[in-house]
Amino acid sequence: VVMRVEIQGAPVELLREASYDTFVSPSWIVTRGKFEDAVSDNEATTWELLPEKKITGTAIVSTYFPRGRGMVCVPNGVGMIDKLLAAQMETNLYGGIRVSNATAFVRYEAKHGPGMTIDSEPIGADREITENEREAIRVVVAETGLKQADTLEKKLAGLQQFFVEKYRYDTWQRPPDRRARETMLANFLLKSRAGHCEYFATATV
């Protein structure tokens with residue numbers, strides 16, 4: 001068992017361990033990942049991330065931190081982490097939370113709610129498409145038939161239908177054509193049309 005999660009109050013769809021801001025095929029990296037210290041109580045077990053946050057639910061996470069350090073998995077909208085003993089907790093602009101000098105086994109409470117998050121607002125670079133991916137994106141966008149003037153709801157529904165009908169899930173990917181400078185994402189979008197979650201997430205982000 002890698003992790004055990006218990007839910008109290010408002011349901012949790014996903015837990016997040018880390019976020020990235022730049023896609024350099026075939027990997028995501030972080031370019032603004034500087035961490036800053038979070039504030040804890042005197043016993044270093046309760047960490048106030050958003051003091052004014054209205055808490056509506058709790059995710060109780062049981063997991064391991066090898067060598068006493070690692071990234072903390074939390075639901076979106078986390079405002080407080082309780083019962084996590086560590087000498088240091090840090091957060092970054094992308095909602096990443098890491099601890100050091102923690103106990104090897106932890107059972108902490110991630111208290112969350114709607115609205116405000118610890119993430120920063122998007123900047124221009126977050127909306128840019130790298131040059132070597134633009135042609136593949138242009139072709140796929142044209143194939144969807146969606147227009148820039150369409151409502152967000154129509155775009156989301158259209159993209160979901162497009163990927164359900166045109167693509168399939170697969171854990172194996174053939175190597176891209178390096179001679180043609182083909183990227184892994186372009187291969188997924190235009191040729192194989194099959195991939196695992198990372199490909200679908202990258203293509204639609």
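Contact here means that heavy atoms lie within 4.5 Å. In this predicted model, 74% of the contacts between residues at least 6 apart in sequence join residues at least 24 apart.

**Overall build**

The protein has four helices and 16 strands. Its C-alpha trace spans about 55 × 40 × 35 Å along the principal axes. Of its 205 residues, 38% count as buried. The protein exposes about 13,000 Å², and carbon and sulfur atoms supply 53% of that area.

Charged side chains come next. There are 26 positive and 28 negative side chains in the protein. The centres of these two sets lie 6 Å apart.

**Cysteines**

A disulfide is a covalent bond between the sulfur atoms of two cysteines. How many disulfides does the structure hold? The number is zero. Cysteine 73 is in no disulfide, and the nearest cysteine sulfur, that of cysteine 197, is 14 Å away. The cut-off for a disulfide is a pair of cysteine sulfur atoms within 2.5 Å.

Are these two cysteines buried or exposed? The table gives the result for each residue.

| Residue | Relative accessible area | Class |
|---|---|---|
| Cysteine 73 | 9% | buried |
| Cysteine 197 | 56% | exposed |

Cysteine 73 counts as buried because its relative accessible area of 9% is under 20%. Cysteine 197 counts as exposed because its value of 56% is over 50%.

Notes:
Residues numbered from 1 in each chain as written. Predicted model: local features only at pLDDT ≥ 70, side-chain atom pairs only at ≥ 80, totals over all residues. Heavy atoms only, no water. Buried < 20%, exposed > 50% of the residue type's maximum accessible area, 1.4 Å probe, protein only. Helix = DSSP H or I, 4+ residues; strand = E, 2+ residues; numbered from the N terminus. Areas by Shrake-Rupley, 256 points an atom, 1.4 Å probe, with all protein chains shown as cover. Lys, Arg positive; Asp, Glu negative; His and termini not counted. Charge placed at Lys NZ, Arg CZ, Asp CG, Glu CD.
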